[in-house]
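Dear colleague,

I am handing over the structure below, and after it you will find notes on what was found in it.

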Amino acid sequence: MHQLINHVEEKLKIKVTNQKIIQQAFYHRSYINEQGENLIHSNERLEFLGDAVLEILVSQFLYGKYPKKPEGDLSRMRAQLVREPSLAYLARQVDFPKFIQLGKGERLSGGKERDSILADTFEAFLGAVYLDTGMEMVDSFLERVLFNHHQEILTLTVQDYKTKFQEMVQVKGTVKIEYRLLDTIGPSHAQIFTIGLYLEDELIAEASGKSKKEAEMKAAEKAIHHLKKGV
């Protein structure tokens, strides 16, 4: 996990003093089940802590940013910013998927692209940073990745990603966009679908979900992310 620590320090600008606690934030319970619970622990307790840290810092930010908004408006904005799709989006923005440690089953079913796993990892990371270097460092990190872009995130995470992607690529004219079923695994009552997003017959993104619609939406979201980064 040397690459993870380098990423956190160099890309995310967070000084790490306790490498083990940062690494733990990326250990999903499925990975722990395969490794042995007595050796290392999953990120679930860190997620519990990170959830509380996130809520207080987002509340503090919105309270100061919008002094004239009533409590109801602030609550709705907070709920939108800390909900699963928003946190999963942020996790992708900071390249967390490539560092998440999953069990074989979760890996094969596309766990690294599952919103629930990404959101939980993001919260666990906040909890780990809080324990390692304190609230101020978490606040600084959130300012860079969330607070400075909160209006964009509020807009993006409530939009239809497929529509958004279509709007982005068709700015210069009509192009061929196609979603193709690449794979289906699991029993009939709990299938996982993998969808490929093709632009002019070129595969540019793929994602998995519990329904074809969910997988298509996630593939479109990934494609938007890549386009924004110029990939």
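A residue is called buried here when its relative accessible area is under 20%. The model is a predicted one, and the values that follow should be read with that in mind. In strand β2 (residues 192-199), 7 of the 8 residues are buried, so the strand is largely enclosed by the rest of the structure.

On one side of the pairing scheme, β2 runs antiparallel to strand β1 (residues 177-185), to which 8 bridges join it, and the two form a hairpin with 6 residues between them, where G186 in the turn has a positive phi of about 95°. β2 also pairs in the antiparallel sense with strand β3 (residues 202-209) over 7 bridges; this hairpin has 2 residues between its strands, and E200 in the turn has a positive phi of about 55°.

R180 stands opposite G196 in β2 and lies over the face of Y198, at 3.9 Å from the ring centre, while Y198 itself stands opposite L203 in β3.

Turning to the aromatic residues, the count comes to 9 aromatic pairs. One of them, F96 with F125, is edge-to-face, with 4.9 Å centre to centre and 65° between the planes; it links F96, in the loop between α6 (84-93) and α7 (104-108), to F125 in helix α8 (residues 115-133), 29 residues apart. F96 is buried, with a relative accessible area of 0%, and F125 is likewise buried at 0%. The rings of F122 and F141 have their centres 6.0 Å apart and their planes at 35°, so that pair is tilted. F26, F96, F99, F122, F125 and F141 form one aromatic cluster.

Best regards

Notes
Residues numbered from 1 in each chain as written. Predicted model: local features only at pLDDT ≥ 70, side-chain atom pairs only at ≥ 80, totals over all residues. Heavy atoms only, no water. Buried < 20%, exposed > 50% of the residue type's maximum accessible area, 1.4 Å probe, protein only. Helix = DSSP H or I, 4+ residues; strand = E, 2+ residues; numbered from the N terminus. Pairing = 2+ DSSP bridges. Phe/Tyr/Trp six-rings, centres within 6.5 Å; stacked < 30°, edge-to-face > 60°. Lys NZ or Arg CZ within 6 Å of the ring centre and 35° of its normal.
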